[in-house]
Amino acid sequence: AGCAGTGGGKGAAGRGCRSLMATLYTLAYPLLSDADAAAIESIRREHDPQRGVVPAHFTLAFGCGAVPGGAYTEHVQTVSRTMPAVAFACRYAMLNVESRTGLAYVYLVPDGGYSGLSRLHDALYRGPLAEHLNLDIPFVPHITLGVLRDKADAKRLCDELNARGIAISGEVNALSVAALEAGKIRDLNTFPLIGQTPSPSL
């Protein structure tokens, strides 16, 4: 069974698990320059209705209520001890239309750091989360910039951002276990990424 996520689009659809346990997420908040943070917030202020729910982030494990909180948190902490921080550079705004709702998402997608963020996602979906990975939906690391009802408007926004030459660089250096409470995401635990970067090999 998969787990229902926040942040929308294919990254969240089809991952639902119904349970009385708290629904938990693993998020990574990017460290950004003041200018890049302001640029993201300017776009989100105009186009992202979830701006007041959660700050700009990468969702690395989508919401799941089928794993007890203690086991979930311990697993994320274990991953944080073995995985390194990830430097990233995002230079592309990508359209994603969520098939179930028809909502159109504008994703800021990294080229630099794509594999590092994907490896974090892979590491999180081992152990207690392994059975909750939805293999029908490819993982695309992203920061959501906008959620629009009209996919043509969302495509125009993507084209505008790409024509402008959007370029946002930063680092992910921690994993946060979070829950949705009273309409807002609340961070429950944050663990620094302290693993060693593997040496490149042929």
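Let's start with helix 2, which covers residues 69-82: its 14 residues reach 20 Å from the first C-alpha to the last, close to the 20 Å expected at 1.5 Å a residue. The expected span is 1.5 Å times one less than the number of residues. Helices here are DSSP runs of H or I with at least four residues, strands are runs of E with at least two, and both are numbered from the N terminus. The model is a predicted one, in which local features need pLDDT of at least 70 and side-chain atom pairs count only at pLDDT 80 or more, while totals for chains, interfaces and linings use all residues. Residues are numbered from 1 along each chain as its sequence is written, and side-chain values use heavy atoms, leaving out hydrogens and water.

The buried residues of helix 2 are Tyr72, Thr73, His75, Val76, Val79 and Ser80. They cover an arc of only 160 degrees around the axis, which puts them on the same side of helix 2. That arc is taken from the directions from the helix axis to the C-beta atoms. On the other side of helix 2, Gly70 and Glu74 are exposed. Buried means under 20% relative accessible area, exposed means over 50%, and partly exposed is in between, with a 1.4 Å probe and protein chains only. The buried residues of helix 2 pack against strand 1, strand 3, helix 3 (114-124), strand 8 and strand 9, where a contact means heavy atoms within 4.5 Å.

## The whole protein

Stepping back, the protein has 4 helices and 9 strands. Their order along the sequence is β-β-α-β-α-β-β-α-β-α-β-β-β. Of the 202 residues, 49% are buried. Among contacts between residues at least 6 apart in sequence, 76% join residues at least 24 apart.

The accessible surface comes to about 10,000 Å², and 53% of it belongs to carbon and sulfur atoms. Accessible areas come from the Shrake-Rupley method with a 1.4 Å probe; for residues, only the protein chains shown count as cover.

## Helix 1

Helix 1 takes up residues 34-47, and its 14 residues should span 20 Å at 1.5 Å a residue; the end C-alpha atoms are 20 Å apart, which agrees. Asp36, Ile40, Ile43, Arg44 and His47 are buried in this helix. Seen down the axis, the buried residues of helix 1 fall within an arc of 100 degrees, so they line one face of the helix.

Asp34, Ala35, Arg45 and Glu46 are exposed on the other side of helix 1. The partners that its buried residues pack against are strand 2 (31-32), strand 5 (104-112), strand 6 (143-148), helix 4 (151-164) and strand 7 (168-172).

## Strand 8 and its neighbours

Next comes strand 8, residues 174-181: 6 of its 8 residues are buried, so the strand is largely enclosed by the rest of the structure. Strand 1 (residues 24-28) runs antiparallel to strand 8 and is joined to it by 4 bridges. Two strands pair if DSSP finds at least two bridges between them. Threonine 26 stands opposite valine 177 in strand 8.

Strand 9 (residues 184-192) is also antiparallel to strand 8, with 8 bridges joining the two. Here leucine 180 has isoleucine 185 in strand 9 as its bridge partner. The hairpin of strand 8 and strand 9 has 2 residues between the strands, and alanine 182 takes a positive phi near 55 degrees there. At 88% relative accessibility, alanine 182 counts as exposed.

## Aromatic pairs

The structure holds 3 aromatic pairs. Rings of Phe, Tyr and Trp (its six-membered ring) pair if their centres lie within 6.5 Å; planes under 30 degrees apart count as stacked, over 60 as edge-to-face and the rest as tilted. Phenylalanine 58 and phenylalanine 88 form an edge-to-face pair, at 5.1 Å centre to centre and with 80 degrees between the planes. Phenylalanine 58 lies in strand 3 (residues 58-64) and phenylalanine 88 in strand 4 (residues 86-97), so the pair ties together parts that are 30 residues apart in sequence. Both phenylalanine 58 and phenylalanine 88 are buried.

The ring centres of tyrosine 105 and tyrosine 107 are 6.3 Å apart with planes at 45 degrees, so this pair is tilted. Tyrosine 105 counts as buried at 8% relative accessibility, and tyrosine 107 is buried with a relative accessible area of 2%.
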